[in-house]
Amino acid sequence: MIAVLGVVAGGLGWAWQDAPNPIATPSPTSSPSPTPTPVPTPTHTPEPSAVESTPPARVSSGPASVTADEPYWYIRTETEGHPPPYYEEWTALDQPGMSWVGGTVESLYGLRSVREEVAELTDPLGNVAITDLPHDAQGLEDLILQGTPSGDDASGTDVMMRSVDILRLGGAAPADLRQAALDLLLASPYIVTEPGSDGVGRPGLVLTQIDVELPGSYVVDPDRLLVLQFTSSLDDTAHRFFGEAVVAPPIAPPAFGPAYAD
């Protein structure tokens, strides 16, 4: 999710079951104890979507990826018809990440590294010892199928859904891995593809799920290998993703899971 967004039966949700809903603001039933220390002002202040509808210039050419100097990938999720606060996440290939809603420490959640998240996404049952990330579509498909229970009739939809999850990891995941995920999606019998754009005019490929329980559609930038928008078939609500490379999260990421338990 990393993130924590993933696809579960074709819908919007985080790939691991114990992560919070990335769209709804967490509502703890009790105040954290002890009282958390004040959170420093974030080093990254997102601009309104009208400004960010054009990708940052430094990552606008070719696959969007982090660099050694900017090891984290930042994603802000905006939901159509819902004003701020927005869901935000910071992820890195081999470092822990974090998410929160509108900078509120009560919603702070620790994320796995991207490498750990790929292992979880492709092999949730722990059937395969992953020594390296796949570099092509065949290797990624083989890994996903090895992690699928033997004889599972849903293996084809598993490949489709987990490929979306991997593409949704953004620039913290290696470009060749995201290209492999996109190649699997374009070849999937559960995907219909056509050119289009997201709700703020960013061009891309529209990937519409078919023959699944809860179909949805995605707008993907095939050059930068990023998911720009997801629209759920449940309510036709669009969720848009704005990502860029950053130096680090605004605070030190906590351990995986909610930072403050109820």
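Ala172 sits in the loop between α4 and α5. Residues are numbered from 1 along each chain as its sequence is written, and side-chain values use heavy atoms, with hydrogens and water left out.

**Around Ala172**
- Leaving aside residues up to four places away in sequence, Ala172 touches Val66, Trp73, Thr91, Ala92, Leu93 and Val114 (contact means heavy atoms within 4.5 Å).
- Tyr74 is 98 residues from Ala172 in sequence, yet their C-alpha atoms are 8.7 Å apart in space.

**Helices α4 and α5**
- Helices here are DSSP runs of H or I with at least four residues, strands are E runs of at least two, and both are numbered from the N terminus.
- The axes of α4 (residues 155-167) and α5 (residues 175-187) come within 9 Å and cross at roughly 145°; axes are lines fitted to C-alpha atoms, for helices over the stretch in contact, and angles run from 0 to 180 degrees between N-to-C directions.
- From α4, Val159, Met160, Ser163, Val164, Ile166 and Leu167 meet Leu177, Arg178, Ala181, Leu182, Leu184 and Leu185 of α5.
- Sorted by class, that contact has 10 nonpolar, 1 polar and 1 charged residues (Ala, Val, Leu, Ile, Met, Phe, Trp, Tyr, Cys and Pro count as nonpolar, Asp, Glu, Lys and Arg as charged, and the others, Gly among them, as polar).

**The buried side of α2**
- In α2 (residues 114-122), the buried residues include Val114, Glu117, Val118, Leu121 and Thr122.
- These residues are on the same side of α2 because they cover an arc of only 120° around the axis, going by the directions from the helix axis to the C-beta atoms.
- An α-helix has 3.6 residues a turn, so residues three or four places apart point the same way.
- Among the parts covering those buried α2 residues are β4 (87-91), α3 (137-146), α4 and α5.

**The whole protein**
- There are 5 helices and 12 strands, and 48% of the 262 residues count as buried.
- The average pLDDT (the predictor's confidence in each residue, from 0 to 100) is 77, and 71% of the residues score at least 70.
- Over residues 1-61, the pLDDT is below 50.
- Where pLDDT is low, the predicted coordinates should not be read in detail.

Technical notes:
Predicted model: local features only at pLDDT ≥ 70, side-chain atom pairs only at ≥ 80, totals over all residues. Buried < 20%, exposed > 50% of the residue type's maximum accessible area, 1.4 Å probe, protein only.
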